[in-house]
Amino acid sequence: MVNAAGSVGNTTAAQKLILLVNLLLFGAGNMFTSIELREAAAIPDHNDTAATGDQILGYTRNWRLITRAEWGARTPTSVANFTGPAPYVILHHSYQPGVCRTEDACKASMRSMQNFHMNSHGWPDIGYSFAVGGDGNVYEGRGYDVVGAHAPNYNSRSIGLLLIGNFMEELPPAPMLQVAQDFIKYSMEEGHLRDDYILHGHRQVRNTECPGDALYAVIKKWPHWQDLN
Ligand SMILES: [Zn+2]
């Protein structure tokens, strides 16, 4: 009996020890499990964040589209509708005005070009479809849905993209070149430009120095640039 009692007593002590060890292991196990669950729950959030946004689309969109209303455009005297997606991008420089480096200066440049095109050329509106400013924004000209006046024979089948400034000898500021390429990608992925669009400098389709020697040398290395055959 003593032995049995001692045995019971020993067993009880051993069982308590096992319980304690189990409790510690179980408790620790729970702690790890809950940490792992929290981490596992955090992973999809992280992936969602990484998967959303502009990486998937291929453009950065770190620029803003400044609308006609924002830069104070005059109402066009007439409008011819354009139906995209356009097969061509025709790239220009303005020669004048020069590079604008603030939003206010670029808005003023847009107004001065529109006045010149409407008052001196008698055109219904600014000629270009869009313009890139030295402030790193894109300015709406005639936009995607209106035929431009920037390159005869190509107006009704192209987006006329202007880089504001004189780029005969000097290159546009680097962000301007980046935004121009980004805007072209954006236009394609938004369905305004064909996937197999062709990029030309203005001088390829008309006898002009536009878009300037320095800028033309750069755009010849851009995707979709083609020589005239
Ligand atoms: Zn031009």
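## Pro 97 and its cis bond

Pro 97 sits in the loop between β2 and α4 (103-120). The peptide bond that reaches Pro 97 from Gln 96 is cis, and its omega is near 0 degrees. Helices and strands here are DSSP runs, numbered from the N terminus: a helix is H or I over at least four residues, a strand is E over at least two.

This is a predicted model, where local features need pLDDT of at least 70, side-chain atom pairs count only at pLDDT 80 or more, and totals for chains, interfaces and linings use all residues. Residues are numbered from 1 along each chain as its sequence is written, and side-chain values use heavy atoms, with hydrogens and water left out.

## Tyr 95 in the β2-α4 loop

Tyr 95 also belongs to the loop between β2 and α4. Tyr 95 is not a glycine, yet its phi is positive, at about 65 degrees. Most residues other than glycine have a negative phi, and most peptide bonds are trans.

How exposed is Tyr 95? Its relative accessible area is 48%, so it counts as partly exposed. That term covers values between buried (under 20% relative accessible area) and exposed (over 50%), with a 1.4 Å probe and protein chains only.

## The bond at Pro 85

Where is Pro 85? Look in the loop between α3 (68-71) and β2 (86-93). Gly 84 and Pro 85 are joined by a cis peptide bond, with omega about 0 degrees.

## His 224 after α7

His 224 lies in the segment after α7 (213-219). Its phi is positive, near 75 degrees, and His 224 is a residue other than glycine. His 224 is partly exposed, at 29% relative accessibility.
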